[in-house]
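Morning, everyone. Please have a look at the model on the screen, and then we'll go through its side chains.

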Amino acid sequence: MTETPETRAETRRRWINIGEIVAVAGLIISALALWNSWKNDGSNTTIVEKQPTAIPLTLRGVAEDDGKTLVLTPVESNQALQSMALSVRGKPPVAVDSDGRLSASDLAPLVTDVDEKSKRGTLSVTADVRYVELGKDRRGGGRYVISYRWADGGLFGGRSLRLTGIRRG
């Protein structure tokens, strides 16, 4: 079968027509996409902000005035103490105000064991703490170990309790 010049021209025209149809279809699709993006001007976009999460309360303690007081503060700066109660099993709790100052004289009745050799010891306490975090009142606490030492009071003073630190326990 031989092709005549007329059949070649018809084939060429057919391919040109198919190409034109594909080009027009692409133009229509592009126009629809442009119209769709113009119509949705971003008003339905959702902005997601990460909400800060609550962090469990952990206390740190710094001994002041040669161990006569132990200042208890939260480790995280966005937490503020409201009140605290430290208790030992079978004994009445010791209240600590929002300033976090624990006096050695307040804790002395709870200390029962004395190591005469090292004059040091630890006291396991349960802390029940009310605090503010991210504008909300929260409750926390846990088990802590307060370390202490006994200091000689001099000629007439006897001995006195000195607090040296606190750790999670």
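First, a definition. A patch here takes residues with over 30% relative accessible area and no salt bridge, and nonpolar side chains are joined within 5 Å. Keep in mind that this is a predicted model.

So, the surface. Trp 15, Ile 18 and Val 22 make a nonpolar patch of about 350 Å². Ile 18 sits in helix α1, residues 5-39. Its relative accessibility is 40%, so Ile 18 counts as partly exposed.

Next, aromatics. The structure has 1 aromatic pair. Tyr 148 and Trp 150 form that pair, edge-to-face, 6.3 Å centre to centre with 80° between the planes. Tyr 148 and Trp 150 are both buried.

Now charges. How many salt bridges does a search of the whole structure find? The search finds 5. Take Glu 64 and Arg 101: N to O is 2.8 Å. Glu 64 is in strand β1 and Arg 101 in strand β5, so this pair ties together parts 37 residues apart in sequence. Glu 64 is partly exposed at 32%, and Arg 101 is partly exposed at 42%.

Arg 139 and Asp 128 also meet in a salt bridge, 2.7 Å from N to O. Here strand β7 holds Arg 139 and strand β6 holds Asp 128, so the pair ties together parts 11 residues apart in sequence. Arg 139 is exposed at 56%; Asp 128 is partly exposed at 35%.

Then Glu 133 with Arg 138, closest N and O atoms 3.3 Å apart. Glu 133 is buried, at 0% relative accessibility. Arg 138 is partly exposed at 26%. Finally, salt bridges with shared partners join Asp 66, Arg 149 and Arg 162 into one network.

Definitions and conventions: Residues numbered from 1 in each chain as written. Predicted model: local features only at pLDDT ≥ 70, side-chain atom pairs only at ≥ 80, totals over all residues. Heavy atoms only, no water. Patch = residues over 30% accessible without salt bridge, like charges linked within 9 Å, V, L, I, M, F, W, Y side chains within 5 Å. Areas by Shrake-Rupley, 256 points an atom, 1.4 Å probe, with all protein chains shown as cover. Salt bridge = Lys/Arg side-chain N within 4 Å of Asp/Glu carboxyl O. Helix = DSSP H or I, 4+ residues; strand = E, 2+ residues; numbered from the N terminus. Buried < 20%, exposed > 50% of the residue type's maximum accessible area, 1.4 Å probe, protein only. Phe/Tyr/Trp six-rings, centres within 6.5 Å; stacked < 30°, edge-to-face > 60°.
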